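Here is a walk through one protein model and the two ligands it holds. Keep the sequence and the 3D view side by side as you read.

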Amino acid sequence: MNLNNEDKLKKIEYIKDKISTIDEQIVELVDERFNMGDVLFEYIYKNNIDLIDKECNQINFSEKTMEYDEYITEFLDYLTDISEKRNNYILKKYNSKYAYVGEKSNYDLTKFIYEKFLDEKYYRFKPEENLIENLIKRKNFIGLNIASPYKTEIIKYLDNVTDQVQEIKEVNLVQFYRNRKFGFNTEYFGIIKLLKRHDIELKDKNVLIIKKDESTKTIEYVLKSLNAGNVVIHNLNNSNIINFKNFNIVFNLTKFSSLEVAPEINYNDTNLDFLIDISTSTIFSKLYLDAKNHGIKVINGVYKTMYQEKKSIEILSRRRFDDDEFEKIVTEFVKSKLNIVLVGMPGAGKTTIGKKLAKILDRKHIDLDKEFASEYGISPSKYLLERSEESFREKESVVVKKLANLTNTVISTSGGVVQKLDNYYYLKTNSIIFRIDRDLEKLSTKNRPLSYGGIETLIKMRDEREEKYKYFTDFVVKNYGDFNGVAYLIAEQFKDLQF
Ligand SMILES: Nc1ncnc2c1ncn2[C@@H]1O[C@H](COP(=O)(O)OP(=O)(O)O)[C@@H](O)[C@H]1O
Ligand SMILES: O=C(O)C1=C[C@@H](OP(=O)(O)O)[C@@H](O)[C@H](O)C1
Ligand SMILES: [Mg+2]
């Protein structure tokens, strides 16, 4: 058969298609295989089964291996190595000194604190059936951090609890000492310390707590013990509309990082002094950002976690850690998670400076225009020549939403990203935003269809976007043409940032 060129290309496409289908299947199967191995080993350790068949989780192709070529053999050996690594991890986890039990909420920060200050590996046990019963019997633990949903259930397994625990009925730290188990509530200390740190008086203040069923009860106890005035609990499960009118302080205990679940809030004629965001899912929740932009003092609950875990490691290690020193180290960690986002007019230097900045700070760099192109297979400039700006912004926003989960990254946006307010919440989720300002006459307009038409076009665009840039921006840096210099300047400003 004599194929013409077009047919050959078709055939190549067909084979490429097949390959990518197989690749997807491989990834899925390998993932499933490793997870099954984990399930097996977890089961063995959890049930304290002594007789461990060491080979039971080895990749097993022995019958057929002879028929495979050396590449396959090498691949299988590699899989076996990885499988062993994972088995080892589970073994270490079950024999660790300190671990975290439950939902992930503030695990990352807690892990950092334990590993840094107690110098021991820290692990997490995910919620599952019979977990507490099995863990509590083990002899290796010194301390277990108890997260939701186990804070109350754990109490029945303990030998002794503090007075606060008896009142609050929640434990977030178990200390194992001389064969006995003691329950503490260090969240209480965390909240007290947070209030002190920001000079917040609760006496006679009217307080609104926004929570969901599973949220902590500790906060209610703190309010009672500090003689707060009227305390109202708003359960988000019941209503999504919140009136701040008669409250001085709001505690948010729920996670609403994404727009869909954010409550509607009426900020008009409010007496609100503080919004304290104890939710731990993101650094800047929508609620936090909106309150801040309405001139309300906002406080990030990260300090609550910080001081609660400080108290925990002090109990477990019988040592004291200096507040300032501790705060400095932990704040650095939190900052290392923050993204740096660049906004500004098209051609101002966001892409170039972002790349440089990422190198300086040794971080990953993401360019929104590039992400757009790889998502849709067409460059923004080509798209804008062929289709409307409106549909471009819709499509762009889908990509921006995906960036909301990033951490530790430098993100160069596109000039028009400020056109959609939703993008603000996505970008701010874990980020500090810098605006790059460059004189209009200096802006590059090459390959930027919306910038075509000379200086008038740019003046019009700037005037139309100016307020939006301001809304998005935390800090402004001027680009006079020294692109490298601007990158170093942002790096310096970020290092000095008081978070
Ligand atoms: N070091 C530099 N000195 C002067 N001009 C530069 C330098 N680096 C880039 N440029 C110019 O600036 C333009 C805009 O940069 P770019 O990073 O693409 O901006 P943005 O991403 O904000 O649109 C580039 O197309 C180039 O013409
Ligand atoms: O400002 C804008 O509306 C645009 C900016 C461009 O990105 P840069 O700001 O990186 O040039 C690109 O997304 C597109 O041409 C539209
Ligand atoms: Mg760019």
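A residue counts as near a molecule if one of its heavy atoms lies within 4 Å of it. Keep that cut-off in mind for ligand 1. Its surroundings are M345, P346, G347, A348, G349, K350, T351, T352, S444, R448, G481 and F483. Bear in mind that this is a predicted model.

Which helix gives the most to this shell? Helix α12, residues 350–361, does, with three residues. Now look at the polar contacts. A polar backbone atom of K350 sits 2.7 Å from an oxygen atom of ligand 1. For A348, a polar backbone atom is 3.2 Å from an oxygen atom of the ligand. R448 uses its side chain: a polar atom there lies 2.9 Å from an oxygen atom of ligand 1. On its own, ligand 1 has 560 Å² of accessible area, and the protein covers 60% of this.

Turn to ligand 2. It is surrounded by 15 residues, and the closest are K350, D369, R393, G415 and R448. K350 and R448 also belong to the surroundings of ligand 1. Helices α12 and α15 (389–403) each supply at least two residues of the shell around ligand 2.

What does R393 bring to ligand 2? One of its polar side-chain atoms lies 2.6 Å from an oxygen atom of the ligand. G415 works through its backbone, with a polar atom 2.7 Å from an oxygen atom of ligand 2. In G416, a backbone N or O atom is 3.1 Å from an oxygen atom of ligand 2. Taken alone, ligand 2 exposes 390 Å², of which the protein buries 96%.

Now step back to the whole chain. The domain assignment gives three parts: domain 1 (7–50 + 70–92), domain 2 (96–336) and domain 3 (338–496). Between the C-alpha centres of domain 1 and domain 3 there are 39 Å.

Next, find the six-stranded sheet. It is open and mixed, and its strands run in the order β2-β1-β3-β5-β6-β4. The edges are β2 (122–125) and β4 (160–161); each has a single partner strand, so one side of each lacks a neighbour in the sheet. Strand β1, residues 98–101, pairs with β2 in the parallel sense over four bridges. Within this pairing, A99 has Y123 of β2 as its bridge partner. Helix α4, residues 107–118, packs on the sheet and touches β1, β2, β3 (143–146) and β5 (173–177). The direction of α4 makes about 150° with that of β2.

Methods:
Residues are numbered from 1 along each chain as its sequence is written. Chains are lettered from A and ligands numbered from 1 in the order in which they are written. This is a predicted model: local features need pLDDT of at least 70, side-chain atom pairs count only at pLDDT 80 or more; totals for chains, interfaces and linings use all residues. Side-chain values use heavy atoms; hydrogens and water are left out. Domain bounds come from an automatic or database domain assignment. Two strands pair if DSSP finds at least two bridges between them. Contact means heavy atoms within 4.5 Å. Axes are lines fitted to C-alpha atoms, for helices over the stretch in contact, and angles run from 0 to 180 degrees between N-to-C directions. A polar contact is a pair of N or O atoms within 3.5 Å; within protein, one must be able to donate a hydrogen and the other to accept it, and residues adjacent in sequence count only if both atoms are side-chain atoms. Accessible areas come from the Shrake-Rupley method with a 1.4 Å probe; for residues, only the protein chains shown count as cover.
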